[in-house]
Amino acid sequence: MGTAARTIVGRDTERRRLDELVGRARNGEGGVLVLRGEAGIGKSVLLDHVRGAARGMRVVEASGAEFETEFPFAGLHQLCAPLLSDVDLPEPLRTALDAAFGLAEGTPEIFRVGMAALELLTSAADAHPLLCLVDDAHWLDDASLRVLTFLARRVAAEPVVMVLAARHGLDDLPGVELTGLTDDDAHRLLADTRTTLDQAVRDRVLAEAGGNPLALLELPGAGGFAMPATSSVASRVERSFSDRLAGLPPDVRLLLTVASADPTGDPGLLWAAAELLGVKAYAGAHAEASGLVVLGPGVRFCHPLARSAVYRAAAVDDRHAVHAALAGVTDPVRDHDRRAWHRAMAGSGPDEDVAAELDRSAARALARGGVAAAAAFHERAAALSRDQDRRVERTLAAAHAHLDAGAPDEAARLLTTVASDDDATVARVELMRGRIAFVRHRDGDGPAFMLSAARRLAATDPRRSRDCYLDAVEMALVVGRASGVMDMVVEAARSAPAVPGPPDLLDALVRLAAEGHRAASRPVREAVAASPLWTERPALAGMLAVELWDVGTHGVITDWVLARARETGSPLMLRLGLGMAAASAVHVGDFSAATSAIAEEEAVADAIGVAPLGYPRLHLAAMRGRAAEARTMIGTFTAEAAASGTGQTIANAHWAAAVLANGLANYPAALTAAREATRHGDLFVTAIALPELVEAAARSGDHETAEAALTSLTERTEGSGTPWALGVGAYARALVTGDEADHRAALDHLEATSLAPYLARAHLLYGEWLRRQGRRRDARTQLRAARERLSDIGMTAFADRATAELRAAGEDVRGRTTGDTDDLTAQETHIARLVAGGATSKEVAGRLFISPRTVDAHLRNIFRKLGITSRRQLRELPTLR
């Protein structure tokens with residue numbers, strides 16, 4: 001297509017944006033821009049433009065390849081390799097990159113590799129601003145794409161610019177959509193080709209190209225450019241490249257096919273394979289003369305469509321021969337995975353040796369975090385398997401990897417190819433179909449599939465059969481769709497096969513449903529106390545601990561999950577532990593710790609490219625009670641949960657609405673929300689929502705509802721017997737009975753716990769009851785304690801309710817002042833707490849998966865909002881201690 005100076009016509013807005021990014025980098029600030037559009041629309045030419053504009057900057061480049069998507073971190077390696085020898089990375093970070101690039105043993109976690117790559121880029125940018133160019137990003141391997149997305153979200157405070165070109169995807173990053181040129185620009189570009197065309201042909205070219213710049217440049221020289229209207233511009237342009245092949249000698253076409261089949265661009269491999277195929281020496285000059293390829297230090301096609309055109313135009317036998325030759329010259333030690341892939345593509349038919357080699361490649365890919373690559377290797381191995389059982393095993397492995405890679409539709413497609421009469425195999429298929437259904441938000445068949453697997457295994461493997469029931473509950477909890485699942489599982493589990501030994505958790509859950517909390521609390525508690533449950537089903541263990549009102553056990557489980565997560569580097573377990581820690585901190589009244597855990601979980605979620613957990617933020621917003629903020633958040637989560645079918649999130653949102661409304665003394669609204677929160681009997685949510693229902697109903701004059709809710713709550717709290725349970729049960733009972741002894745009992749029980757919000761609310765309810773009894777002096781004592789505690793915690797709505805009650809009791813109360821850190825975001829609060837605790841910018845950066853420079857930028861905002869100028873002053877703030 002020539003140079004950028006000759007071929008860029010139009011695109012003034014895009015060039016200005018790119019020039020602005022380069023200018024910002026020279027001033028120490030970074031940015032990212034994704035150029036999106038169809039093949040040939042001009043993305044690569046704009047990359048040429050920004051490359052030329054980046055004088056004085058260091059430029060590193062990578063490019064996705066259609067035939068390279070199976071190799072994890074291949075694209076990232078292209079970008080990082082030129083920098084590795086120039087930057088002395090700390091050992092843990094260097095080890096992470098080495099593991100990702102297959103240079104060291106280990107299992108790379110995406111966010112650890114991301115932090116290592118971020119340190120590499122930002123360190124390299126210390127000497128000169130850095131420009132990272134990525135072409136054909138839609139063909140990058142999944143692991144590289146996730147790390148590049150991680151990097152793109154974190155370079156704003158660094159002199160690093162990232163420009164990525166892609167036909168689609170990367171929608172979460174800033175970008176521009178390139179469309180066809182205007183008619184005037186299209187005429188100008190066609191005139192620049194200096195090709196003599198009569199008017200009829202010119203009009204046809206303009207019509208066929210549809211404003212696509214590459215088409216405008218290629219079609220005039222292509223015979224038969226007038227393709228049917230249904231073909232895409234890309235296929236027409238690819239056809240134009242194919243037409244160039246027609247007159248080339250067979251040796252030249254074969255050499256071009258070798259180049260198209262090897263995405264590494266290594267000329268050593270190209271010529272070694274060509275020699276094996278008997279290609280004559282003259283073929284190279286003819287190949288370059290075609291304009292399709294440049295055979296320099298790196299083999300490069302003039303456009304990705306040219307590579308595709310050459311490969312697809314080759315005869316099947318030629319493609320097989322080319323892959324066989326490439327397999328023969330690829331280093332079996334240094335590049336075993338590519339060698340295995342070429343062998344698999346050589347078309348020799350079923351071959352157990354090749355299939356076994358692909359299995360080993362899949363294992364290596366998994367060890368390096370390449371789940372999508374493992375899926376491709378397993379799937380190809382299955383296709384090459386002679387033995388039926390091995391084919392089934394490899395197909396299931398491929399489906400499992402596709403599911404873990406976030407491709408449930410691909411996993412479901414593979415499962416349809418599995419045919420077996422073996423109950424164990426069919427059960428595995430059903431379990432996987434259940435997992436797929438849970439992941440698909442609108443597919444409600446997940447529990448049915450998993451329970452079917454349980455029934456199928458009942459006779460042959462009763463222990464595994466029982467595990468299937470619990471797996472269904474755990475999966476429902478993990479994806480936030482537990483509503484109704486527990487009832488379904490328990491009902492089905494009544495006929496579960498018995499196993500030797502004492503009653504297990506499944507027995508305890510069946511008894512809980514049949515006989516209630518008084519009868520089942522002890523066996524459930526014994527099952528929860530066993531650490532194997534934490535290892536196998538941590539979400540269920542945590543939920544049951546709260547169902548038992550056992551804050552101590554919940555804390556122990558949370559600490560174990562977090563320690564295990566930090567030890568193993570598992571992002572899934574780390575997010576679970578942080579979510580549990582945040583919710584726990586909310587309910588003990590440490591909102592600063594809750595905010596920190598939420599911020600860290602959001603950082604991990606962002607690092608791996610998933611949405612953050614919703615329930616911890618809902619709980620904090622509800623208890624904090626800032627009406628406008630809480631209503632916005634509750635409304636957002638309710639709408640999102642309703643759209644996705646995540647019933648448990650909806651229940652959490654209803655609980656949050658009930659707490660907020662009770663705090664605001666809007667008891668009718670609280671009554672409606674609390675009824676919804678308890679409707680399905682969800683674990684954890686129903687337990688903490690019943691006290692809200694009792695309070696709202698009692699204050700609304702709905703005594704029948706209040707008494708029914710109290711009966712249900714008492715069943716739970718007395719069955720538990722913990723101070724938290726007994727305290728909450730006592731103040732709920734006091735709302736219904738009006739018995740002062742219940743109020744006093746609530747205070748006695750809750751003073752023995754760490755649950756400050758519940759103790760403060762017990763003081764508030766007691767004070768309100770005393771005022772209504774005409775005992776204003778006694779009421780003021782309780783209401784002062786409530787107001788002071790609620791204000792210290794930061795429970796705005798309830799504190800205001802206590803203030804109003806105090807005034808009604810005859811006390812002159814000044815307005816409550818807000819805490820110093822109220823204006824900080826969750827991430828700013830977390831950074832402030834870490835720095836106040838003595839952490840350096842580098843230590844904070846490692847915790848939140850951002851760069852030290854970004855930490856310093858956040859600190860400047862924190863200092864400005866708090867009206868301070870130093871870390872020392874930050875450490876002196878009481879709200880951060």
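**Exercise 1. Describe how helix H12 packs against helix H13.**

Step 1: Helix H12 (residues 250-261) and helix H13 (residues 267-276) pack with their axes 10 Å apart and at an angle of about 135°. This is a predicted model, in which local features need pLDDT of at least 70, side-chain atom pairs count only at pLDDT 80 or more, and totals for chains, interfaces and linings use all residues. Residues are numbered from 1 along each chain as its sequence is written, and side-chain values use heavy atoms, with hydrogens and water left out.

Step 2: Angles run from 0 to 180 degrees between N-to-C directions, and axes are lines fitted to C-alpha atoms, for helices over the stretch in contact. Angles under 35 degrees count as roughly parallel, over 145 as roughly antiparallel, 65 to 115 as roughly perpendicular and the rest as oblique. H12 and H13 are therefore oblique to each other.

Step 3: On the H12 side, the contact (heavy atoms within 4.5 Å) is made by Leu-255, Val-258 and Ala-259, and on the H13 side by Leu-270, Trp-271, Ala-273 and Ala-274.

**Exercise 2. Repeat the description for helices H6 and H7.**

Step 1: Helix H6 (residues 110-124) and helix H7 (residues 142-152) cross at roughly 55°, and their axes come within 9 Å. H6 and H7 are therefore oblique to each other.

Step 2: H6 brings Ile-110, Phe-111, Val-113, Gly-114, Met-115, Ala-117, Leu-118 and Leu-121 to the contact, while H7 brings Ala-143, Arg-146, Val-147, Phe-150 and Leu-151.

**Exercise 3. Count the cavities, then characterise the second largest one.**

Step 1: A cavity is a set of points, on a 1 Å grid over the protein atoms alone, where a 1.4 Å probe fits but cannot get out; lining residues have an atom within 4 Å of a point. There are five cavities of 30 Å³ or more.

Step 2: The second largest cavity holds about 90 Å³ of space, a volume being the space filled by probe spheres set on the points.

Step 3: Its lining has 13 residues, with Gly-40, Ile-41, Lys-43, Ser-44 and His-303 nearest the centre. Helix H3 (residues 43-53) supplies the largest share of this lining, three residues.

Notes: 1 Å grid on protein atoms, 1.4 Å probe; cavity = no way out; pocket = protein on both sides within 12 Å on 5 of 7 lines; lining within 4 Å. Helix = DSSP H or I, 4+ residues; strand = E, 2+ residues; numbered from the N terminus.
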